Amino acid sequence: YNPSHSELKVKEAEIELIKANKESVKSKLLPEFTLAYNNASFKGNAPNDLYYDTSHRFSSYQVGVAVPIFQNGIRNSMKTLDMDVKLKEEELEITKLQFENTVLNLQESIQKQREIVNYYQQKMLPSNQVLNHIHAIFYEGDISYIEFVTLVNQNMESQSNFLDVQSNLYQSIVLLNYYTL
């Protein structure tokens with residue numbers, strides 16, 4: 001199988017997404033620091049009946065620290081994400097094993113189908129030759145109409161079987177390419 005198959009890449013991306021989500025949740029355990037500075041001016045009368053023009057500036061500073069006190073919920077979320085990662089990794093391994101088994105089964109199936117196709121091509125007379133021979137012995141009167149129809153139906157059934165096996169072979173080859181390319 002192809003280790004860079006798109007289905008495997010999707011599963012690997014899901015694992016990386018869960019890991020990134022876990023890091024995001026983990027960052028909530030860290031304290032947060034804030035620093036703010038405000039500068040403003042007012043024009044007009046203030047509540048204290050003083051008039052302020054734009055030359056008066058009012059500044060303020062704010063400093064804050066947020067420390068997570070209740071950490072159980074965050075830690076439980078991290079444990080859940082750890083379990084999700086393990087589950088997705090196991091799913092990825094199962095998918096890889098399924099790919100390997102599918103490729104082996106397809107290779108065996110293709111080999112058998114090729115043998116059958118070769119048998120039909122080498123052992124069975126081409127359809128036109130068989131039909132020409134059936135028509136010839138029917139026109140010569142060597143066989144009855146019922147025997148003629150039976151032989152034509154058998155020839156058509158044989159050709160149909162050959163086409164089915166050939167179709168199955170091509171479908172198996174396409175599936176093998178899907179898993180290996």
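Mentor: Let us begin with what counts as an element: a helix is a DSSP run of H or I of at least four residues, and a strand is a run of E of at least two. By that rule the protein chain, which is a predicted model, has 4 helices and 4 strands, and from the N terminus on they follow the order α-β-β-β-β-α-α-α.

Trainee: Which residues touch the most other members of the largest nonpolar core, and which helices each supply at least two of its residues?

Mentor: A nonpolar core requires buried residues of listed nonpolar types, joined through side-chain atoms within 4.5 Å. The largest such set has 21 residues, of which V25, I74, M78, V117, L176 and Y179 touch the most other members. Helix 1 (6–26), helix 2 (72–123) and helix 4 (145–180) each supply at least two residues of this core, and helix 2 gives the most, with 11 residues. A second, separate core of 5 residues includes I134, I137, F148 and V152.

Trainee: Which residues does Y179 touch, leaving aside those up to four places away in sequence?

Mentor: With contact taken as heavy atoms within 4.5 Å, Y179 touches Y1, N2 and H5, and also F99, T102, V103 and L106. For the protein chain as a whole, among contacts between residues at least 6 apart in sequence, 71% join residues at least 24 apart.

Trainee: Why is D49 called exposed?

Mentor: Exposed means over 50% relative accessible area, and D49 has 71%, so the label exposed applies. D49 is found in the loop between strand 2 (44–45) and strand 3 (51–52), and its phi is near 60°, a positive value in a residue other than glycine.

Trainee: How far apart are the mean positions of the positive and negative charges?

Mentor: The protein chain has 16 positive and 22 negative charges, and their mean positions are 14 Å apart.

Definitions and conventions
Residues are numbered from 1 along each chain as its sequence is written. This is a predicted model: local features need pLDDT of at least 70, side-chain atom pairs count only at pLDDT 80 or more; totals for chains, interfaces and linings use all residues. Side-chain values use heavy atoms; hydrogens and water are left out. Lys and Arg count as positive and Asp and Glu as negative; His and the chain ends are not counted. The place of a charge is taken as NZ of Lys, CZ of Arg, CG of Asp or CD of Glu. Buried means under 20% relative accessible area, exposed over 50%, partly exposed in between (1.4 Å probe, protein chains only).
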